[in-house]
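Trainee: I would like to go through the terms used to describe this structure and see each one set against its definition.

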Amino acid sequence: MAIPILMYHQIAQPGPRGTPLRGLTVSPRMFAQHMQMLRLLGYRGLSMGALDPYLNGERSGRVVGITFDDGYLNNLQNALPILQRQGFSSTCYVVSGEVGGTNRWDAELGIAQVPLMDHSALQAWIEGGQEVGSHTRSHANLTQVDPQQLEAEICGSRQELESLLTQEGGVQHFCYPYGSLDDAAVEMVARAGYRTATTTARGRVDPGRQPNPLALPRVRVNRTTTVLHLALKCLTNYEDRSAA
Ligand SMILES: [Zn+2]
């Protein structure tokens, strides 16, 4: 059975019309509807750590990965209670150099600055049954950095998060900023010892086709993704076909 890995960013009231990247903000009400629909369809929402045995074919079942990019504080405030209500876990990919900061990498694009989780918020996220993964140290485009920075962004961010946070098994899951990756980045992710890494390539994961665990596709979820639309993305080959 193909496994969707959902990609969310902010869970908050979207800004007014015309706000740059407004589409990446899903309202708490819509997020609650998404999670409820998944539950009604018999899906279990899982963090990347819990999903891993399904991705590599050790286990099978109706499961969906739930991921959040960037580490927004509104994930803790708005998504966590909804996830807990459904008994779901998820992975939030955190920028290790911006813990307690803002999405500074977006500033020059005119995108609103929003608080990211700080140390205690991240620990509360973990204690709430959720997982922290790495999204590099500075949200760098990994295809545009020298080998030294590549190592710092991928290995260094893992070390920083592991020394900051108490999480069973450490930080074993990674996400490429901007979905930008090349062979050097994938090799470094392998060297750093991550078990999975997600991209922004569209599609579901087919465990039968031996997917590369360090370049997993995801299913985008935006402000305008309705419950029906999300159900189609999860249950049918809608998302896999549109990958072409
Ligand atoms: Zn990001």
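Mentor: Let us start with Gln-210, whose place is in the loop between β9 and β10; helices (H or I, at least four residues) and strands (E, at least two) are DSSP runs numbered from the N terminus. This is a predicted model, in which local features need pLDDT of at least 70 and side-chain atom pairs count only at pLDDT 80 or more, while totals for chains, interfaces and linings use all residues. Residues are numbered from 1 along each chain as its sequence is written, and side-chain values use heavy atoms, with hydrogens and water left out.

Trainee: Why is Gln-210 called exposed?

Mentor: Buried means under 20% relative accessible area, exposed over 50%, and partly exposed in between, with a 1.4 Å probe and protein chains only. Gln-210 has a relative accessible area of 72%, so it counts as exposed. Its backbone also deserves a remark, for Gln-210 has a positive phi of about 45° although it is not a glycine.

Trainee: Which value of phi does His-139 have, and what makes His-139 buried?

Mentor: Phi of His-139 is near 60°, a positive value in a residue other than glycine. His-139 lies in the loop between β7 and α5, and because its relative accessibility is 6%, it counts as buried.

Trainee: Which residues are the protein donors of the zinc ion, and how do you know that they are donors?

Mentor: Donors are N, O and S atoms within 2.8 Å of the metal (3.2 Å for Na, K and Ca), and since water is not among the atoms, sites may look incomplete. Asp-70 (OD), His-135 (NE2) and His-139 (NE2) lie 2.1 to 2.2 Å from the zinc ion, so they meet the limit and count as donors. Their spacing in sequence is D-x64-H-x3-H. Within this set, Asp-70 in strand β5 (residues 63-70) and His-139 in the loop between β7 (131-134) and α5 (147-164) link distant parts of the chain, 69 residues apart. Both of these residues, Asp-70 and His-139, are buried.

Trainee: What is the volume of space in the largest pocket, and what makes it a pocket?

Mentor: The largest pocket holds about 510 Å³ of space. Of its 32 lining residues, the closest to the centre are His-9, Leu-21, Leu-24, Asp-70 and Asp-106. On a 1 Å grid over the protein atoms alone, a pocket is an open set of points with protein on both sides within 12 Å along at least five of seven lines, unlike a cavity, where a 1.4 Å probe fits but cannot get out; lining residues have an atom within 4 Å of a point. Strands β5 and β10 (216-220) each supply at least two residues of this lining.

Trainee: How many salt bridges does the structure hold, and why is the contact of Arg-195 with Asp-52 called one?

Mentor: There are 10 salt bridges, the term being given to a side-chain nitrogen of Lys or Arg within 4 Å of a carboxyl oxygen of Asp or Glu. In the pair of Arg-195 and Asp-52 the closest N and O atoms are 2.6 Å apart, so the contact meets the cut-off. Arg-195 lies in the loop between α6 (183-191) and β9 (196-202) and Asp-52 in helix α2 (residues 48-55), so this bridge ties together parts that are 143 residues apart in sequence. Arg-195, at 35% relative accessibility, counts as partly exposed, whereas Asp-52, at 8%, is buried.

Trainee: What separates Glu-162 and Arg-158 in helix α5?

Mentor: They are 4 residues apart in that helix and therefore separated by about one helical turn. Their side chains meet in a salt bridge with an N to O distance of 3.0 Å. Glu-162, at 32% relative accessibility, is partly exposed, while Arg-158, at 16%, counts as buried.

Trainee: How many aromatic pairs does the structure hold, and why is the pair of Phe-68 and Trp-125 called edge-to-face?

Mentor: The structure holds 6 aromatic pairs. The ring centres of Phe-68 and Trp-125 are 5.8 Å apart and their planes stand at 85°, so this pair is edge-to-face. Phe-68 lies in strand β5 and Trp-125 in helix α4 (residues 119-127), so the contact ties together parts that are 57 residues apart in sequence. By definition, rings of Phe, Tyr and Trp (its six-membered ring) pair if their centres lie within 6.5 Å, and planes under 30 degrees apart count as stacked, over 60 as edge-to-face and the rest as tilted. Phe-68 is buried at 0% relative accessible area, and Trp-125 counts as buried at 0%. Tyr-8, Phe-31, Phe-68 and Trp-125 form one aromatic cluster.

Technical notes
Grid points are joined across faces, edges and corners, and a volume is the space filled by probe spheres set on the points.
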